[in-house]
Amino acid sequence: MAEAACEHLASIHQVRRPKRRECEECVKTGSWWVHLRTCQSCGATLCCDSSPNRHATGHAHATGHPVVASAEPSERWLYCYPDDAMAEY
Ligand SMILES: [Zn+2]
Ligand SMILES: [Zn+2]
Ligand SMILES: [Zn+2]
């Protein structure tokens, strides 16, 4: 991994991939999403900020889980909310 800009990113040694390719919260309400992110603290897969419900950001703020990974198969990046930092892996 490239040199991380924050300690949260530096502490990720094994990136968690999505268990299912759907937003856990949106499927409960029948909503839709654009892209998905997987929380690196608990493994929850939730929708991105381009989605109407922005569940990944809401989850990060509600739980304090700092880092998500893109759940898109072709994308390999991590993002830290509190530090607004990204890293490829
Ligand atoms: Zn951080
Ligand atoms: Zn969602
Ligand atoms: Zn989480």
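A quick definition before the first stop: a donor here is an N, O or S atom within 2.8 Å of the metal, and water is not among the atoms, so a site may look incomplete. Keep in mind, too, that this is a predicted model.

**Stop 1: the metal.** Select the zinc ion (ligand 3) and show the side chains around it. Its protein donors are Cys 39 (SG), Cys 42 (SG), His 59 (NE2) and His 65 (ND1), at 2.0 to 2.3 Å. Click through the donor angles and you'll get 104 to 116° among the 4 donor atoms, a tetrahedral site. Along the sequence, the donor residues follow the spacing C-x2-C-x16-H-x5-H. Now highlight Cys 42 and His 65: this pair ties together distant parts of the chain, 23 residues apart. Cys 42 sits in the loop between strand E1 (36-39) and strand E2 (45-47), while His 65 is in the loop between helix H3 (55-63) and strand E3 (67-70).

**Stop 2: Gln 40.** Stay in the loop between E1 and E2 and pick Gln 40. Its relative accessibility is 10%, so Gln 40 counts as buried; the cut-off for that is under 20%. Look for a polar atom of the Gln 40 side chain 3.1 Å from the backbone oxygen of Thr 38. Then show the neighbours: leaving aside residues up to four places away in sequence, Gln 40 touches several others, including Ile 12, Arg 16, Val 68 and Leu 78.

**Stop 3: strand E3.** Colour E3 by side-chain direction. Val 67 and Ala 69 point one way, Val 68 and Ser 70 the other, and all are buried.

Next, bring in the partners. E1 pairs with E3 in the antiparallel sense over 3 bridges, and Arg 37 has Ser 70 as its bridge partner in E3. E3 also pairs with strand E4 (residues 77-80), again antiparallel and over 3 bridges; there, look for Ala 69 opposite Leu 78. Trace the hairpin of 6 residues that joins E3 to E4.

**Stop 4: Tyr 89.** Finish in the segment after strand E5 (85-88), where you'll find Tyr 89. Tyr 89 has 23% relative accessibility and counts as partly exposed. Draw a C-alpha to C-alpha distance to His 13: 9.6 Å in space, against 76 residues in sequence.

Terms used:
Residues are numbered from 1 along each chain as its sequence is written. Chains are lettered from A and ligands numbered from 1 in the order in which they are written. This is a predicted model: local features need pLDDT of at least 70, side-chain atom pairs count only at pLDDT 80 or more; totals for chains, interfaces and linings use all residues. Side-chain values use heavy atoms; hydrogens and water are left out. Donors are N, O and S atoms within 2.8 Å of the metal (3.2 Å for Na, K and Ca); water is not among the atoms, so sites may look incomplete. Four donors count as tetrahedral if all angles lie between 85 and 135 degrees; four count as square planar and six as octahedral if opposite donors are over 155 degrees apart and all others between 65 and 115; anything else is irregular. Helices (H or I, at least four residues) and strands (E, at least two) are DSSP runs, numbered from the N terminus. Buried means under 20% relative accessible area, exposed over 50%, partly exposed in between (1.4 Å probe, protein chains only). A polar contact is a pair of N or O atoms within 3.5 Å; within protein, one must be able to donate a hydrogen and the other to accept it, and residues adjacent in sequence count only if both atoms are side-chain atoms. Contact means heavy atoms within 4.5 Å. Two strands pair if DSSP finds at least two bridges between them.
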